[in-house]
Amino acid sequence: MDLLEPFSSRVDLREGLVGTVAHRLSRRLSDLRGLFLDEQARAEMVALGDPLVYEVFVAPAPESEGHLCHGVTVLHPGRVGDEYFMTKGHYHQKSGTAEVYYGLAGTGLMILQTRWGVWRTVDIAPGTVVYVPPHWGHRSINTGEVPLVLLYAFPGDAGHDYGTIESTGFARLVVADNGHPSVVENPRYAVEIPP
Ligand code: PAN
Ligand code: ZN
């Protein structure tokens, strides 16, 4: 039996996760080609400075069965056209694995979607716990003016499928309408064909 030493990290609302951190993953707007509806606006923003959209601070839990991968996502405020900054979004590769998110700072939404087009949105703010049940794809969206900071934990063997969302998108977009978040149909959404 491999016995892992207990460890702890600390959440800093500006710095993300500090202390015991395995790695830090940064996504700039240049990494998010094709994610936003207004591709021209995205390309212009990349040329004008390529803002940091989000960072994921990953605690050093093994990515294998029995463990709990966890960390902190810091999603910055901003918009591409009318669309708020958001994460790429994914399904778990091992589809029957769930996830828990906990809102630490900022305000936003999570959009969750099944492979057959059922979608839901859930508001997230400090103190909100969101349960992402097995089989639901998920994406976080910052609809506020300050970073949206989220703690997450999911089974170590879950894995990530980004390709499906890259090809289908989510059924809904979250856009600013007179300064307020509005959930609208995604004209590019392509539902998957059930097997
Ligand atoms: C989270 C996400 C994180 C970044 O840890 O990975 O918020 O979002 P993307 O992975 O969609 O870029 C999670 O849901 N892990 O399973
Ligand atoms: Zn996930």
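Hi everyone, let's start with the largest pocket, which holds about 490 Å³ of space. Please keep in mind that this is a predicted model. The lining of that pocket is made up of 25 residues, and the ones nearest its centre are Val56, His90, Tyr152, His160 and Tyr162. If you want to find the lining by element, look at β3 (23–28), β4 (52–58), β5 (68–75), β9 (99–105), β13 and β14 (148–155), each of which gives two or more residues. By class, the lining residues are nine nonpolar, eleven polar and five charged.

For comparison, the ideal angles for six octahedral donors are 90 or 180 degrees.

One pair here links distant parts of the chain: His92 sits in strand β8 (residues 91–92) and His138 in strand β13 (residues 137–142), 46 residues apart. Are these two histidines buried or exposed? His92 has a relative accessible area of 4%, so it counts as buried. His138 is buried too, because its relative accessibility is 2%, and the cut-off for buried is under 20%.

Now over to the second largest pocket, with about 300 Å³ of space. There are 21 residues in its lining, and Gly34, Leu35, Ile165, Glu166 and Arg188 are the closest to its centre. Helix α2 (residues 163–168) provides the largest share of that lining, four residues. Sorted by class, this lining has eight nonpolar, six polar and seven charged residues.

Last stop, a hairpin. Strands β16 (residues 172–177) and β17 (residues 180–185) pair in the antiparallel sense, over six bridges. To get your bearings, find Arg172, whose bridge partner in β17 is Glu185. At the turn, two residues lie between the strands, and Asn178 takes a positive phi near 55°.

That's my tour, and I'm happy to take questions.

Definitions and conventions:
Residues numbered from 1 in each chain as written. Chains lettered and ligands numbered in written order. Predicted model: local features only at pLDDT ≥ 70, side-chain atom pairs only at ≥ 80, totals over all residues. Heavy atoms only, no water. Buried < 20%, exposed > 50% of the residue type's maximum accessible area, 1.4 Å probe, protein only. Pairing = 2+ DSSP bridges. 1 Å grid on protein atoms, 1.4 Å probe; cavity = no way out; pocket = protein on both sides within 12 Å on 5 of 7 lines; lining within 4 Å. Points joined across faces, edges and corners; volume = space filled by probe spheres on them. Nonpolar A, V, L, I, M, F, W, Y, C, P; charged D, E, K, R; others polar.
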